[in-house]
Amino acid sequence: MPGNSLVIGIGGYARGDDAAGLEVVRLLRGTLPPSIDLTESAGDPMQLVTAWSGAHLAVVIDAVSSGAAPGTLHRGLRPRPWPIWQRSSHALGLGDAIALGTALGRLPEELLVFGIEGGDFGLNAAITPPVRAAIRETAEAVRRSVG
C-alpha cells in the first residue's frame, strides 16, 4: 500500500552472523506502531523490490562483510550498490536489489539501510557476541528512526 513503512530483516540462520537482520526484526516485533510492517527475507532481490514498492519508508537490515570489526554498525541513506553489500552469503545481495529497484523505478521514497558487520558466517555457527550486541543496538536505532 502506498505511503506505508516497513522494516525488512535479511539473513539466514544456517550461517551464524548472517542471521543478524532477522534477529533485529524479531526484537522489534510488538514494539513498533502497528502501521509499520515487519518482514523477514532470505535476500532475494525481486522479493525485496516487491516488498518495498510504493512504501514511504523502508528500513533494511543485513549482515555485511567489509573487513571492519565484527559488530560494527554501518548506516546509510539511499545507498548505491555498495561493495560491502555485494559480498554476501546470499546468491545476490542487497546492492543487487537496490540496482533492480532503481532500474524498475520501484524504490521506496526513503530507503534506510543498516549493515551489521559479521564475524562468523560458517555453516551452523552461532551468532557471535559482538554481533549479538550490535543486533540490540540496531533494533534501538531502528525504533528511533521509525518512531
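A: Setting aside neighbours within four places in sequence, Asn 4 is in contact with Asp 37, Gly 54, Ala 55, His 56 and Leu 57, where contact means heavy atoms within 4.5 Å. This is a predicted model, in which local features need pLDDT of at least 70 and side-chain atom pairs count only at pLDDT 80 or more, while totals for chains, interfaces and linings use all residues. Residues are numbered from 1 along each chain as its sequence is written, and side-chain values use heavy atoms, with hydrogens and water left out.

Asn 4 sits in the segment before strand S1, and its relative accessibility of 11% is why it counts as buried (under 20% relative accessible area, with exposed over 50% and partly exposed in between, using a 1.4 Å probe and protein chains only). Strands (E, at least two residues) and helices (H or I, at least four) are DSSP runs, numbered from the N terminus.

Strand S1 (5–10) is also among the elements that cover the buried residues of helix H1, together with others including S2 (36–41), S3 (57–64), S5 (110–117) and helix H5 (129–146). Seven of the nine residues of H1 (residues 20–28) are buried, so this helix is largely enclosed by the rest of the structure; the buried ones are Ala 20, Gly 21, Leu 22, Glu 23, Val 24, Val 25 and Leu 28. Just after H1, Gly 30 adopts a positive phi of about 80 degrees.

From here the picture widens to the largest nonpolar core, which has 23 residues, and in which Val 7, Val 59, Ile 61 and Ile 116 touch the most other members. A nonpolar core is a set of buried Ala, Val, Leu, Ile, Met, Phe, Trp, Tyr and Cys residues joined through side-chain atoms within 4.5 Å. At least two residues of this core come from each of H1, S3, S5 and H5, and H5 gives the largest share, with seven residues. If residues up to four places away in sequence are not counted, the residues touched by Ile 61 include Val 7, Gly 21, Val 24, Phe 114, Ile 116, Thr 138 and Val 142. There is also a second, separate core of 14 residues, which includes Ile 8, Val 60, Ala 97 and Ile 98.
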